[in-house]
Amino acid sequence: MSPEKKSVVSRRKFLDLAAKGTLASTAILNGFPTIVPASVFGKNAPSNRINVAAIGTGRISRGHDMPGVWQYDNALIMAVCDLDSKRAEEAKQLVNSIYAKKAGKDYDGVRVYTDYRELLLNKDIDAVLVSTPDHWHAPIVIDAVRAKKDVYMQKPASLTIAEGRMMADAVKQSNQIVQVGSQQRSSEQFRYAAELVRNGRIGQLKTVYVGLPGDPSGNEEPQMPIPKNLNYDMWLGTTPEVYYTEKRVHPQADFDRPGWLRCEQFGAGMITGWGAHHVDSAHWAMNTEYTGPVEIWGKADFPKHGLWDVHGIFRTEAMYENGVHMVVSNEIPNGIKFEGTEGWIFVSRGDAAVTASDPVAKQNAAKKLDASDPKIMTSVIGPNEVHLTVSKEHHGNWLESIVSRKPPIAPAEVGHRSCSACLLHHAAMKLNRKLYWDPKKEQFKNDPEANKLLSRPQRAPYAIKMLASAKSH
């Protein structure tokens, strides 16, 4: 048997034992996390370690995703990839320094790639972090699961609803573990709020208010020479070819908030940027994780000039089949308010931020959890009531799922549905009229104009290659 086959057999045997509870039984009894420490593996058992590669090494990767993985001893970041070779090298230095500090000696075990497709050919890599701009999320995840890699992907799940469906179907067909970065599911207050709502602590749920941050518009920006370290054509990916200017992409001098977040070519703005978090948490409480609204309407202000053209001030609304009314706006407090027939619950991140440059409205989100009656917040969820999945840390939950082969707390289909709902609100902003949606067919009803918004033309050679649909939804 070849060394490679021995490694695979050893890892599969280990995963099977872990799934059956043979390993880490004490951790399982004590609750999550059940990540097996390095002492269990032994220094000479690399086949039992989860080898991870980071694709996209900018702000969110350096500040959130890679630290989320390197904190666990049974996972190793062995490769990094970025279309900006300068960032890729800086990521290599960062990860090497972390492992050198852990080991107490020099470390140089990180491999650098500038094309994720070459990275996916490396059979030693078990799993990947996808921390790229939004327009690259779905294409890379699709390629990764087809290459039999498990994936942690940043939200939102896709640039369009059509891409999201392709991504979710590809994951279903592959049987790979995919965790969407909806990390609020791993925050105690969001889970508890969802359990309180599901168990009727505020009576029958009637209205959900989702408050999001906003983004300002910008100035016109001049064309600039493309940095030699940036593969700009591939960075544009499936989207149209446009001239390079630094504020369209990311800073070259540091890792501050990138400008692409405010360009509709690459994302929809805060409606998906933060909406994918809050709408997902709302769906969790509403028990609508695998469906979506049936009516959507609203309006938004869009910049009349300037490079940054995502929505400004907006208010959109939606009705769900269960009768719940959702209001989404950046003019209400950042967080989620659930109103029922017998009271209300408000939940937010408080003053927590994923990265230093996150636009958290601290003055509007002083409390992580609040309610119309303080007794609601001390309510105990009984043994026969609805209990949602407990996850203490989102990346750890993903690694746990890789070991157990059980679904993570934020699987691909759920992430797709959360993103889809946000994109429906975005469509309502664009068309400025009421839209009627069929969540099963994932089509607007009798509305060809609206259905044109479900996809975008894809530029060669980066278009997503189609496979037969899994018909899983």
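This is a predicted model: local features need pLDDT of at least 70, side-chain atom pairs count only at pLDDT 80 or more; totals for chains, interfaces and linings use all residues.

Biologist: What holds strands of a sheet together, and which ways can they pair?

Modeller: Strands of a sheet pair through backbone hydrogen bonds, and the pairing is either parallel or antiparallel. S10 shows both cases.

Biologist: How many residues lie between S9 and S10 in their hairpin?

Modeller: There are 5 residues between them, and Gly-323 in that turn has a positive phi of about 90°.

Biologist: Where do the side chains of a regular strand point?

Modeller: In a regular strand they alternate between the two faces of the sheet. Now try S10: His-325, Val-327 and Ser-329 are on one side, Met-326 and Val-328 are on the other, and all of them are buried. That covers both faces. Since 5 of the 5 residues of S10 are buried, the strand is largely enclosed by the rest of the structure.

Biologist: Okay, zoom out. What is the strand order in the sheet that holds S10?

Modeller: That sheet is open, with 9 strands in the order S13-S12-S11-S7-S10-S9-S8-S14-S15, and its pairing is mixed. Strand S13 (369–371) and strand S15 (443–444) each have a single partner strand, so one side of each has no neighbour in the sheet. At the S15 end, strand S14 (residues 435–438) pairs with S15 in the antiparallel sense over 2 bridges, and Asp-438 stands opposite Gln-443.

Biologist: Which helices lie across this sheet?

Modeller: Helix H9 (residues 188–198) is one of them: it lies across strand S7 (205–211), strand S11 (335–340), strand S12 (343–347) and S13, at about 160° to S12. Helix H12 (residues 275–286) lies across S7, strand S10 (325–329) and S11, and runs at about 30° to S11.

Biologist: I can see another sheet. What is its strand order, and which way does it pair?

Modeller: That open sheet has 6 strands, ordered S3-S2-S1-S4-S5-S6, and the pairing is parallel. Its edges are strand S3 (111–113) and strand S6 (178–180), each pairing on one side only. From one strand to the next, the twist averages 25°. For a close-up, look at strand S2 (residues 75–81) and S3: they pair over 3 bridges, with Val-80 opposite Val-112 in S3.

Biologist: And which helices cover that one?

Modeller: Helix H4 (residues 59–70) lies across strand S1 (50–55), S2, strand S4 (127–130) and strand S5 (150–153), running at about 145° to S2. Helix H7 (residues 137–146) lies across S1, S4, S5 and S6, at about 165° to S5.

Biologist: How do I read two helices packed together, say H4 and H5?

Modeller: Check the distance and the angle. The axes of H4 and helix H5 (residues 85–103) come within 12 Å and cross at roughly 30°. Angles under 35 degrees count as roughly parallel, so that is how H4 and H5 are described. The contact residues include Met-66 and Trp-70 of H4, and Leu-94 and Ile-98 of H5. The crossing is right-handed.

Biologist: Is Asn-432 buried or exposed? And what about Glu-442?

Modeller: Asn-432 is exposed, at a relative accessible area of 52%, while Glu-442 counts as buried at 7%. Asn-432 has a positive phi near 55°, and Glu-442 has one of about 55° although it is not a glycine. Asn-432 lies in the loop between helix H14 (412–431) and S14, and Glu-442 lies in the loop between S14 and S15.

Biologist: Last one: how much of the chain is buried?

Modeller: Buried residues make up 59% of the 473 residues. The chain has 15 helices and 15 strands in total.

Notes. Residues are numbered from 1 along each chain as its sequence is written. Side-chain values use heavy atoms; hydrogens and water are left out. Two strands pair if DSSP finds at least two bridges between them. Helices (H or I, at least four residues) and strands (E, at least two) are DSSP runs, numbered from the N terminus. Axes are lines fitted to C-alpha atoms, for helices over the stretch in contact, and angles run from 0 to 180 degrees between N-to-C directions. Contact means heavy atoms within 4.5 Å. Buried means under 20% relative accessible area, exposed over 50%, partly exposed in between (1.4 Å probe, protein chains only). Angles under 35 degrees count as roughly parallel, over 145 as roughly antiparallel, 65 to 115 as roughly perpendicular and the rest as oblique. A crossing is left-handed if the near helix is turned anticlockwise from the far one by less than a right angle, and right-handed if clockwise.
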